Amino acid sequence: MSEMGNRGRRNFVRGAAAALIGGTVLAAARSRSPKLVWQIDPEKCTRCGRCATHCVLAPSAVKCFHSYSICGYCDLCGGYLRPDAKGRNTGAENQLCPTAAITRTYIEAPYYQYKIDEDLCIGCGICVEGCDVFGNGSMYLQVKHDLCVNCNQCAISNACPSDAFKRVPASDGYLLKSDQEKRISS
Amino acid sequence: MTAKTQRRKVNARFLTTEARRLGVINIFLFSVSQCLRGMRNLSALASLRSIILLVFVAVSAHAEFRFPMPEFSTGYEHPAVHTPAPNNAMVGWDVAVLIMTLGLASFLVLKRRKRKEIFWLTLFSVIYFGFLRNGCVCSVGSVQNIMAGCCDPNYGVPLTVLIFFAAPLIFALLFGRVFCAAVCPLGAIQEAVAIKPVKVPLAVEKVLSIFPYIYLGLAMLSVAMNAGFIICQYDPFVGFFRLGASFSMLIFGALMLLIGIFVARPYCRFLCPYGVLLNWCSKLSWKHATITPSECIDCKLCADSCPYNAINEPSAKKEPEPRLKGAWRLGILLLMFPILIALGFGTGGLLKEPLSRMHPTVRLAERVAGEELGRYEGTNIESEAFRGSDQPVADLYAEAVELKAGFAQGSRWFGAFIGLVIGCKLISVSILRKRDGYEPDRGTCYSCGRCFKYCPVKG
Amino acid sequence: MSEFKQKPLMGLISKSVALVAAVLVFVVAVLLIADHVRLLKMDPLNDPVLLELRAELANSAESSDAVVEKIRTYDLYARRAFFANEEQRRSGGLLLLSGAVVCFVALKLSNHWKPKLPTVGKSENPDHWELNNLFRQLMAGTGIFLVVVSLFLAFVVQSDLAVVLKRADEQAGKPAPPVGQTFQSALSGEMKFNWPSLRGPGGIGHARMAEAPISWDVETGDGVLWKEEVFVHGFNSPIVWNDRIFMSGADDEGQEVFCHDVNSGKELWATTIETEGELPEVSEDTGYAAPTMATDGTLVFAIFASGDLAALDFDGKIVWQKNIGVPDNPYGMGSSLISDGQRLFVQYDHSDEQKVMAFDVANGDELWRTARNHISWSSPVLIEPESGMQLILNDEENVTAYDPVSGKQLWQVKCLGGEVAPSAAFNGKDIVFVANEYAQATALKLNGGIPEILWQYDEYLPEIASPLVTEKYAFIATTVGDLIGLDIQTGEVKWEQECDDGFNASPILVGNNVYAIDLGGVVHIFDAEAESYHEIASIEMGEPVYTTPAFVNGRIYIRGDENLFCIGDD
């Protein structure tokens, strides 16, 4: 008899626990906001260089983005050339990018296009700083979602000195500087 | 002081786009040469900036940009920016594999009762949930997402995470901690290295088992105060699964594994916060793994087989002490229970300052305040970044003060929680339970199946 | 019991394999850690040799092919070394991992072939109850340990923030001086009714007299009490104490302080301030005597572009003199002096050093100095909100308040930019207003001595002239000749007025009127209370005016390019 009572009590407690789990899950799920992913707010980023070193991936999932629509297409590009550069070629004494990920192409006098090779880019932000100090700030760092493994707690965000990492809805996972930017998402 | 104006007026001469461009280049070179000639970079750059600004603000249509965007005569068009969407392909699979492995693990533990088969499933989990899926999202970390979802109405918890959180708990309610046995990649990697487990004295084991509660409490506090997911931050093994992590993280993980050779599953037993929830659920489990397939014959063969101290021995035939003494002690402990909670509450209050440092904003505010008091030499990277931003110091301080108030509350409740846990543990060991044979402790047994083969009774 | 079958030979083999693997793992791990420690110091991008080569190239006048070639070669080497190292580390890591896997598999197998036999537990029932006693004791110990750790942490982790906030609170919590006497607690009544520094008492642009003349004619001499030629050039504004007017002047041949009589305009005395050091290069438009003098009522103080700081008595005798370092500054020293009656404040923000100093007025001893971070050309201002006197300084980035007594920073707001010359304005109660071209104008409301941004405005901004705030409005006078009136509470633009010439002189509030003199020498007098620009008068001085006028005892003293004017009735 006491055995039976015991079992009944057990079942009751078990049911209560299941209800509690369900309740917690429902409480957590009450805001059906979309899936969130990590992204860098370019306005807050200070180009400290930790994106290149603190990502769990190597090379980092953070890459330099280039918003062409706000680029000045300058001959003397602050993001491409070292400030003390004497020439405009890709020699080691002129180039700013440590991995030579920026290609410079002549468009028409006096404009040059600067394109970033994402396979080479390590997200160090050196060019971003250059473009910000002497340029329109058209180069900036963003998390590339095809590479990012979307850690529950982003390791770079822990190390970010300016709180620039935030969770954004996956449906619009980029914080581009210009609305006019053409995008390809495939 | 009029000089400034005049000098600037000289520079405003460049009017056409072309001339402006050339002019800026000249000024750029001039400024660079000034830097090189030993003038302070900063002031040279600052004057450079303001000169450039003036030149363009005056005439440019795009006032916020330093250089005007060109209009191309060759019909050149801006290339598109590559903005790939997040990769979701595996998510459905993950949930399916999780449920399947949980089911399979339950089947192996309760029906097949073969340690070897359970171990193979364990290896599968290490490879799939660990190395293939990079160990993220895992059920252990999902506790934080659930908490965040409960605290922050703007934080949405994806369905996958909800299932990763709930499924192992439901299975624990039904079949015990089969999740720990063969599904959790963190448990699995430790299970794989547990070669020469030694027994930790039972009393020590029980005392150490309050650390998961402390960890859980801290993690919940951190999430509630929006200070980040510390369980993920200090995940010891995710670095191995991704074959790359910070050096300290790898060292921590390696140490855990080294210890794990002798003290089996150190993370699960003495740290894992999710284990706390699983423990509770497993205590209520509907069916749980048993050592013997039928009746225990009290042969004592299995007594030493469990590296986790999770086998309860049958209770002594004779009363260990006069009933009255035990009852007295229980009474005293029950009286002490509220006192313990209150003590925890008070002690937690002491921890307001240290715990508030979990939040980066509080750390930053303290750093900035410390710099103001001259406690540090120079700035650090965070305070530097802050000083470079537009945020007023007063705002930062106000935010930090508000957060600290939150932490003051939170750390008190955290302390009370720990007091409650200690009280419960004291009371639970002081209740005399009758056991007829050797049986696994429902709360702490990981259903790893080691003891099965030690039982001479065959079903 | 097939599970416990022993295969000793296989067990031995697997055990030795495991041992070998373990040794391998250990060696590789040690090597990897050593490598990591070594690499911590290495930075291939900032390799010292490479940096040196780059500097060499930068210093050479034209591109030198030999150096370029060297840089390229060395860069290649550095890269090769880096990637070779990466490769090594990667293979080391893989070796480590596979070694560990082999080791564990071998150990597992050895366990499998030589399984631990079941042993019968200790003969009698272990005394669980006793174990529980031990547990209770240990648990109590742990509880005490946790409490001790908490106490320790609470003791060790102290809050700097709390200290800072408490200090701010203490300042805010000081008993507020009775309303109407705010100025007297710091600046004496005598100071209040004189013109002891640039922009009057406290340097906030408020004249303490009910009204000033609104009509005069320089050509006919109507309403002009006297006009006196000023011989030595200087862009500093006149200061007035009782019956004396003080100004300074300098060129590359000498520095002078001179004094005029308020009633006759006659020069009473002129004292040369000898300089020891070399004169710095200054721009023609700043000159050697741009900073306005200050007085505490007993002595007058002057500073020059040479860094010479001198105190003279009212008869022109030098009481003390010192050189505080030749300012290194692209334009020249521009910051004026100010005194609270006991201390003389010098804002000294230059290229190589930025600081603010306080000197004892009596003997010139330095009382305190506080380091600052940015260059500036603006002047210190003494404001007196209810929480106590503050010294407000502008620089290229921030507006910063200091405690005049200790020199400790009270607060700082980052809202400025560009080469800032305008100083802060204050409404006399609780609103500080700062503005500069290439930044924005910002109104800060002081709440218990701590500021919060009320509003910002960024259209027409001043470059030289300091703004002015009254109870209702904020006024801006720009270098291109715009006068702007803004609502002080909201920042709403009330009116905009275009003048022919720009403003170097700061606008001053006298009673209900504002006096602003443009570079062409036109005095614009307008209603400070009106909802729109309401001109009271517009009077030509006949010569350019760069300086801010002084308003004392119903009279106006204006230093033009060549003459000093005294406007007033007999």
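This is a predicted model: local features need pLDDT of at least 70, side-chain atom pairs count only at pLDDT 80 or more; totals for chains, interfaces and linings use all residues.
Local features need pLDDT of at least 70 and side-chain atom pairs count only at pLDDT 80 or more, while totals for chains, interfaces and linings use all residues; side-chain values use heavy atoms, with hydrogens and water left out. Residues are numbered from 1 along each chain as its sequence is written, and chains are lettered from A and ligands numbered from 1 in the order in which they are written.

**Chain A with chain B**

- The size of an interface is often given as the accessible area lost when the parts come together.
- Between chain A and chain B, about 6100 Å² is buried (buried area is the accessible area, taken with a 1.4 Å probe, that two parts lose on being put together, summed over both).
- Carbon and sulfur atoms give 62% of that area between chain A and chain B.
- On the chain A side, Arg14(A), Phe134(A) and Asn152(A) lose the most area to chain B, together 11% of what that side buries.
- In this interface, 66 residues of chain A are in contact with 70 residues of chain B (contact means heavy atoms within 4.5 Å).
- Two salt bridges are counted between chain A and chain B (a salt bridge is a side-chain nitrogen of Lys or Arg within 4 Å of a carboxyl oxygen of Asp or Glu).
- A salt bridge joins Glu77(B) and Lys182(A), with the closest N and O atoms 3.3 Å apart.

**Chain C with chain A**

- The area buried between chain C and chain A is about 930 Å², and carbon and sulfur atoms give 53% of it.
- In chain C, Leu45(C), Arg54(C) and Arg72(C) lose the most area to chain A, together 49% of what that side buries.
- The interface of chain C and chain A has one salt bridge.
- Arg72(C) forms a salt bridge with Glu93(A), and their closest N and O atoms are 2.9 Å apart.

**Salt bridges elsewhere**

- Over all chains, the count comes to 42 salt bridges.
- Within chain C, Asp35(C) and Arg38(C) form a salt bridge, the closest N and O atoms being 3.0 Å apart.
- Both Asp35(C) and Arg38(C) lie in helix α1 (residues 8–41) of chain C, three residues apart, about one turn of the helix.

**Helix packing in chain B**

- Helices (H or I, at least four residues) and strands (E, at least two) are DSSP runs, numbered from the N terminus.
- Helix α4 (residues 91–112) and helix α5 (residues 115–132) of chain B pack at about 165°, with their axes 10 Å apart (axes are lines fitted to C-alpha atoms, for helices over the stretch in contact, and angles run from 0 to 180 degrees between N-to-C directions).
- The angle makes α4(B) roughly antiparallel to α5(B) (under 35 degrees counts as roughly parallel, over 145 as roughly antiparallel, 65 to 115 as roughly perpendicular and the rest as oblique).
- By class, the contact of α4(B) with α5(B) has 12 nonpolar, one polar and three charged residues (Ala, Val, Leu, Ile, Met, Phe, Trp, Tyr, Cys and Pro count as nonpolar, Asp, Glu, Lys and Arg as charged, and the others, Gly among them, as polar).
- The axes of α4(B) and helix α7 (residues 159–175) of chain B come within 10 Å and cross at roughly 10°, which makes α4(B) roughly parallel to α7(B).
- The contact of α4(B) with α7(B) has 12 nonpolar, three polar and one charged residues.
- α5(B) packs against helix α9 (residues 185–193) of chain B at about 125°, with axes 8 Å apart, and the two helices α5(B) and α9(B) are therefore oblique to each other.
- Residues in the contact of α5(B) with α9(B) comprise eight nonpolar, three polar and two charged ones.

- Most residues other than glycine have a negative phi, and most peptide bonds are trans.
- The peptide bond from Ala58(A) to Pro59(A) is cis, with omega near -5°, and Pro59(A) lies in the loop between α2 (50–54) and β2 (62–66) of chain A.
- Ala109(A) and Pro110(A) are joined by a cis peptide bond with omega about -5°, and Pro110(A) lies in the loop between β3 (102–108) and β4 (111–116) of chain A.
- Arg113(B) is not a glycine, although its phi is positive, about 50°.
- Arg113(B) sits in the loop between α4 and α5 of chain B.
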